[in-house]
Amino acid sequence: MSTASESTAPTASPEAAAPAESKASRWANKSFVLHALRTTVRAIVLILFTVDCVRLALLYFWVQGAADVNFGRPQLSAGLSPLSGLFDLWTWVKTGQVDPALPASMVIVLMGLIMSVFAKRSFCSWMCPVGTLFDALGVVGRRIFPGVHVSPKVQRVIQAPKFVLGLFVIGFVLFLVPTSTILVAWNAPYWRVSDMAVLKLFIQPGVPIAVVGLVVLGLSLLLGRNYWCHGLCPLGGIYGIASKASPLVVVRDPKACISCKACSRACGAHIAVDESTSPLRTGDCTGCMECVAACPAQGALELRFFKKPVPLWMVPCAVLVIWIVVWVAAVALGVWYGTVTPEQIIMGMRTLG
């Protein structure tokens with residue numbers, strides 16, 4: 001005979017216990033944890049960047065007389081004008097002088113280059129808000145057009161332009177434009193509002209910009225992949241070139257590999273990781289580490305730094321440390337906030353028309 005306490009005691013059914021076990025097993029999965037961490041970091045950066053873009057738009061409309069308030073000039077939105085950041089960085093290297101208008105652009109480009117050297121193109125896969133948006137667009141595209149695939153040869157053609165554009169930009173910045181010209185340009189009204197000049201292209205795009213934008217959006221949806229970052233972004237091409245010097249590489253052991261192709265399916269850059277026979281030094285690798293996290297075979301994929309095995313968590317740690325250190329140093333040295341006055345911004349905006 002059972003007692004009253006026994007008869008009334010609640011009994012946990014397998015169905016009730018399953019969700020808790022499933023949730024626990026998901027967090028024990030390194031692939032799930034890494035993806036959740038990367039998504040969180042990207043979401044935080046995207047939110048901060050969006051807030052600063054809204055602030056920049058308010059300042060833009062305030063200058064135009066279409067808004068009554070503004071909250072000053074933001075800094076993260078300086079990433080909208082990476083070309084000026086490249087010019088500023090090269091000028092700083094040669095002369096030690098810093099652009100007084102928008103030094104944050106130089107700092108953001110420098111941050112991306114440092115990350116590329118030490119942790120592949122991790123700026124692209126862990127921080128870049130544009131990359132986050134286009135990756136999301138690619139996910140939507142795969143749901144709409146799940147049957148569209150491209151061959152490895154077409155994939156190489158798609159990814160090649162960014163490196164060509166990157167080399168052209170490097171040559172343009174380093175060799176075609178004299179440093180003296182940049183120093184003079186720093187005092188030009190247009191240069192002082194380069195971020196708002198780019199913003200204006202989004203607010204009032206001309207026909208060429210609109211056509212290019214629609215083509216990029218359409219291809220990203222149709223191909224189900226981030227076409228801008230993987231195929232056209234010149235800054236991504238520059239970071240890819242710099243990443244070839246990185247001591248951080250993913251190495252595949254063919255003997256331990258079980259040919260499940262989980263690594264290649266997880267790769268956001270669509271690299272055939274499962275076919276690699278030497279350390280992956282391709283400039284397309286963005287250091288997302290999704291391939292290493294997805295590999296189910298012990299020792300088949302390994303992350304190495306100066307040829308020594310390191311845990312995959314080294315990459316997100318390196319990204320966060322470089323981000324914080326570079327930003328704190330820039331603020332401490334006074335090269336994060338610009339010194340352009342509202343009157344100079346108004347004068348610069350008038351030159352834009």
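Which residues form one aromatic cluster? Phe87, Phe168, Phe172 and Trp191 do.

1. Basis. The model is predicted, with local features requiring pLDDT of at least 70 and side-chain atom pairs counted only at pLDDT 80 or more, while totals for chains, interfaces and linings use all residues. Residues are numbered from 1 along each chain as its sequence is written, and side-chain values use heavy atoms, leaving out hydrogens and water.

2. Aromatic pairs. The whole structure contains 6 aromatic pairs (rings of Phe, Tyr and Trp, the last by its six-membered ring, with centres within 6.5 Å; planes under 30 degrees apart are stacked, over 60 edge-to-face, the rest tilted). Tyrosine 60 and phenylalanine 61 form an edge-to-face pair, because their ring centres are 5.4 Å apart and their planes stand at 85 degrees. Tyrosine 60 is buried, at 3% relative accessibility, whereas phenylalanine 61, at 34%, is partly exposed (buried is under 20% relative accessible area, exposed over 50%, partly exposed in between; 1.4 Å probe, protein chains only).

3. A pair between helices. Phenylalanine 123 and tyrosine 239 are also edge-to-face, with centres 5.7 Å apart and planes at 70 degrees. Phenylalanine 123 belongs to helix H6 (residues 122-126) and tyrosine 239 to helix H14 (residues 234-243), so the pair ties together parts 116 residues apart in sequence (helices are DSSP runs of H or I, at least four residues, numbered from the N terminus). Both residues, phenylalanine 123 and tyrosine 239, are buried.

4. Nonpolar cores. The largest nonpolar core has 63 residues, of which Met127, Val250, Val273 and Met289 touch the most other members (a core is a set of buried Ala, Val, Leu, Ile, Met, Phe, Trp, Tyr and Cys residues joined through side-chain atoms within 4.5 Å). Helix H5 (residues 103-119) gives the most to this core, 9 residues. Apart from this core lies another of 18 residues, including Tyr60 and Ile345.

Terms used: Helices (H or I, at least four residues) and strands (E, at least two) are DSSP runs, numbered from the N terminus.
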